[in-house]
Amino acid sequence: VDFLLLFQAIRKLLDQKMLEAVEAPAEARGQESAGARKLQHFQTKNILIKSVGGAMLLEAQKKSVKRQALIDRALYRYLPERMKELAEKRNKPHIPWYYEQAFRRMQT
């Protein structure tokens with residue numbers, strides 16, 4: 001529900017020409033190709049809107065947004081390698097302990 005509200009708000013801002021859709025920065029394009037999702041990028045050049053929007057956010061919210069951006073950047077950088085390792089683990093055959101015990105009993 002939150003993502004839908006965010007999407008509707010962004011669409012409204014685009015219609016009002018307060019936001020513009022832009023191409024992804026070069027570093028973000030590399031991260032998107034490594035990840036599975038394609039992100040859209042927006043920006044505003046209106047200084048008044050930037051300063052009013054910045055003043056409306058609490059410091060805790062600003063820190064939360066920055067923290068989430070850093071986490072997302074780290075995930076895009078390191079997650080593909082970890083997902084490969086996880087896939088290798090999942091592809092290994094797993095024999096439950098009770099089958100191992102039954103197999104030992106059959107051999108004796």
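Lysine 62 counts as partly exposed, at 28% relative accessibility (buried means under 20% relative accessible area, exposed over 50%, partly exposed in between, with a 1.4 Å probe and protein chains only). The side chain of lysine 62 meets that of glutamate 59 in a salt bridge. This is a predicted model, in which local features need pLDDT of at least 70 and side-chain atom pairs count only at pLDDT 80 or more, while totals for chains, interfaces and linings use all residues. Residues are numbered from 1 along each chain as its sequence is written, and side-chain values use heavy atoms, with hydrogens and water left out.

**Overall build**
- The protein chain has five helices and two strands, where helices (H or I, at least four residues) and strands (E, at least two) are DSSP runs numbered from the N terminus.
- From the N terminus on, the order of elements is α-β-α-β-α-α-α.
- Of the 108 residues of the protein chain, 8% count as buried.
- The protein chain exposes about 10200 Å², with carbon and sulfur atoms supplying 60% of that area; accessible areas come from the Shrake-Rupley method with a 1.4 Å probe, and for residues only the protein chains shown count as cover.

**Salt bridges**
- The structure holds two salt bridges, each defined as a side-chain nitrogen of Lys or Arg within 4 Å of a carboxyl oxygen of Asp or Glu.
- Glutamate 59 and lysine 62 have an N to O distance of 3.6 Å; they lie three residues apart in helix α4, so about one helical turn separates them.
- Glutamate 59 is exposed, at 52% relative accessible area.
- Glutamate 100 and arginine 104 form a salt bridge at 3.8 Å, N to O; they are four residues apart in helix α5 (residues 97-107), so about one helical turn separates them.
- Glutamate 100 is partly exposed at 34% relative accessibility, whereas arginine 104 is exposed at 51%.

**Aromatic rings**
- There are two aromatic pairs; rings of Phe, Tyr and Trp (its six-membered ring) pair if their centres lie within 6.5 Å, and planes under 30 degrees apart count as stacked, over 60 as edge-to-face and the rest as tilted.
- Tryptophan 97 and tyrosine 98 form an edge-to-face pair, with 5.7 Å centre to centre and 80° between the planes.
- Ring pairs link Trp97, Tyr98 and Tyr99 into a cluster.
- Tryptophan 97 is exposed, with a relative accessible area of 58%, and tyrosine 98 is partly exposed at 44% relative accessibility.

**Helix α4**
- Methionine 83 lies in helix α4 (residues 59-91).
- Methionine 83 is partly exposed, at 44% relative accessibility.
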